[in-house]
Amino acid sequence: MHPSEEALTDYIDGALDAAARAEIERHLETCVACRRLVDDSREIKTVAASLDLREPPIRSWMRLERAIKLEARPAGRGAAFWDAARLGWARPQLAWLAAAAVILVATAVGFKLLPRGARPSAPAAGTQANAPIVSDAASADAAAQSVEAELRQAEDHYEKAIKGLEQIANAEQDVFDPRTAATLQKNLAVIDQAISESRAALRAEPANEPAQQSLLESFKAKMALLQDTVALINEMRKGNEAGAARIVSGLKQKGD
Amino acid sequence: MLTRLPIVVTLTLVAAPLAAQDPSERDLRDVVREQVREVVRDHTEVRGGPRAYQGRERGPEQTERFSRKVRLGRDGRFTIENIAGDITVTGGSGDEVSIEAVKRTRGDRSQLGTVQILVDERPGRVEVRTNHTGRNDRVAVDYTVTVPTSAGVDAKSVSGNVKITAVQGVVRAEAISGNITTASTPKLEAAKSVSGDVNLTDATADADLNASSVSGLIRARGLRARSLELGTVSGDVVLSDVACTRLAVRSVSGSVEYSGALAKTGRYDINSHSGTIRLALAGDVGFELSATSFSGSIRSELPMTLGPTSSRNDRRRPGPPGHSTHAVFGDGSAALVIRTFSGDIVITKR
């Protein structure tokens with residue numbers, strides 16, 4: 001019988017007593033699925049730990065809090081196949097992944113929720129007409145630089161997390177049947193193109209708001225797809241489903 | 001077919017990064033990529049969507065039937081997991097779960113015996129799992145299940161379609177390469193597929209619904225929910241007569257179509273990188289529009305009052321690509337936040 005996910009999480013976190021730890025280790029000696037799960041989880045934990053902890057700007061907190069309330073889902077619902085990793089943070093073995101994503105979301109939200117007046121491309125309605133022009137220009141300049149700096153930081157965070165997830169996903173593609181693996185690869189390529197287009201647009205117009213939003217949305221989409229992929233890999237491995245891809249692949253080849 | 005397919009897939013994978021290198025050639029490459037995608041679909045899916053077991057292997061089909069009835073209770077929860085084959089769950093009367101399964105193969109009949117259908121009964125819960133014990137078996141299992149109508153259902157399939165109808169309890173349906181279809185499921189909570197389509201009809205609930213597909217179409221009709229969150233990468237999203245107070249749609253290259261009325265004080269947040277977003281609005285609910293696009297156009301046939309921050313460069317009317325539009329229609333009671341990078345935004349009256 002496999003240890004519970006909670007027990008495996010505690011094992012990885014070093015939170016078990018000696019007897020419980022020894023029991024898990026005995027199981028890991030004979031269970032490839034659980035061993036891989038532990039390996040994957042440790043890798044995710046390492047990736048998450050490598051991210052810098054960033055506080056979102058103070059001005060973002062009120063809106064962030066409101067957004068969290070809007071996003072909050074009622075408790076007590078079952079964790080989904082792959083939903084938990086991305087949305088609910090309910091799957092213990094992916095808690096570190098969730099932590100990494102929270103940092104990223106905080107970064108992104110911090111950027112996204114800047115007051116419009118602080119954004120370079122959309123002057124705030126109701127700007128004082130008689131305010132000194134030099135002061136306005138300097139303020140807009142500073143705001144533009146601040147937004148671009150935040151965007152660069154957000155991009156850096158996303159890239160770090162994506163790199164780690166990609167390593168896991170690429171190394172474990174064999175759990176999927178070829179068609180599913182191709183679908184995932186193809187769609188990652190679609191997102192990469194979106195990222196590339198957004199970057200090209202920002203090179204031409206660094207302060208362009210739709211391009212900035214598009215770049216962040218594309219990063220979020222890539223993170224979400226990679227998180228789903230890793231969660232799926234874990235799910236396929238769990239409960240002796242590692243052979244599912246082989247079975248499905250075999251059936252499809254017969255059917256083609 | 002088998003020799004052509006890898007070439008087509010390779011072309012697809014190569015085409016995307018190449019296109020990314022030179023935005024000026026994007027339009028032509030988009031056309032080529034779309035053509036390639038269609039060819040891939042033609043070669044990888046049978047009519048009616050992807051199926052695990054096509055039944056075209058040599059040799060006569062061997063089958064083995066499984067039938068069992070288990071007491072669940074009217075408010076119990078039924079869980080089913082399958083690797084290959086379809087799952088059909090229907091709500092019915094009584095307090096029993098009726099499980100009918102057909103194992104199928106066109107290989108050796110002995111393979112059927114290596115696939116076990118495990119039924120786990122606990123108070124208020126019944127779980128069914130398909131256990132493939134042999135190596136390289138070619139067995140699919142199709143399930144037809146009837147549950148008490150008020151029961152909850154969790155259905156998961158690796159490769160096979162999932163169809164759930166007339167179940168009143170909380171429903172979650174998930175597949176990797178199969179289609180998800182639900183109808184008359186008032187407490188539908190999640191419907192997800194990686195490469196299959198997601199079709200949702202006639203669900204009414206004061207609940208949050210999450211549906212996604214990586215590459216498949218998401219279609220919702222006659223759906224009512226408190227909040228609706230839909231996500232896809234390359235699939236399209238088609239919503240008609242959907243009622244919700246909070247809608248969030250995310251797509252990368254797929255288009256989004258919304259046809260129907262808006263809810264007063266509703267919030268509709270739709271984002272697609274390169275897909276077209278079309279809204280055909282019925283009724284007279286007013287809305288406040290915030291639409292942005294880098295290179296797509298923004299068009300509306302509804303008379304709107306433009307706000308003070310319209311346009312990237314303070315252009316004051318919808319039309320030319322590459323700007324933001326802030327405008328109000330009617331009393332502005334609903335909020336529409338529409339964003340694209342290169343896709344067009346079109347608002348019409350239905």
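What is the mean pLDDT of chain B, and what share of its residues reach 70 or more? I looked this up for the predicted model: the mean is 82, and 79% of the residues of chain B reach 70 or more (pLDDT is the predictor's confidence in each residue, from 0 to 100). Over residues 35–56 of chain B I found pLDDT below 50, with 46 contacts in the model beyond near neighbours in sequence (a contact is two C-beta atoms, placed from the backbone, within 7 Å). For the complex I noted an ipTM of 0.76 and a pTM of 0.69 from the predictor.

I noted the conventions: residues are numbered from 1 along each chain as its sequence is written, and chains are lettered from A and ligands numbered from 1 in the order in which they are written. In this predicted model local features need pLDDT of at least 70, side-chain atom pairs count only at pLDDT 80 or more, and totals for chains, interfaces and linings use all residues.

Next, chain A. I listed 10 helices and zero strands (DSSP runs, H or I of at least four residues for helices, E of at least two for strands, numbered from the N terminus).

I then took helix 8 (residues 178–204) and helix 9 (residues 209–237) of chain A, whose axes come within 8 Å and cross at roughly 160° (axes are lines fitted to C-alpha atoms over the stretch in contact, with angles from 0 to 180 degrees between N-to-C directions). Helix 8 and helix 9 of chain A are therefore roughly antiparallel (angles over 145 degrees). Among the residues making the contact are Leu188(A) and Ile191(A) of helix 8 and Leu215(A) and Phe219(A) of helix 9.

Key:
Parallel < 35°, antiparallel > 145°, perpendicular 65-115°, else oblique.
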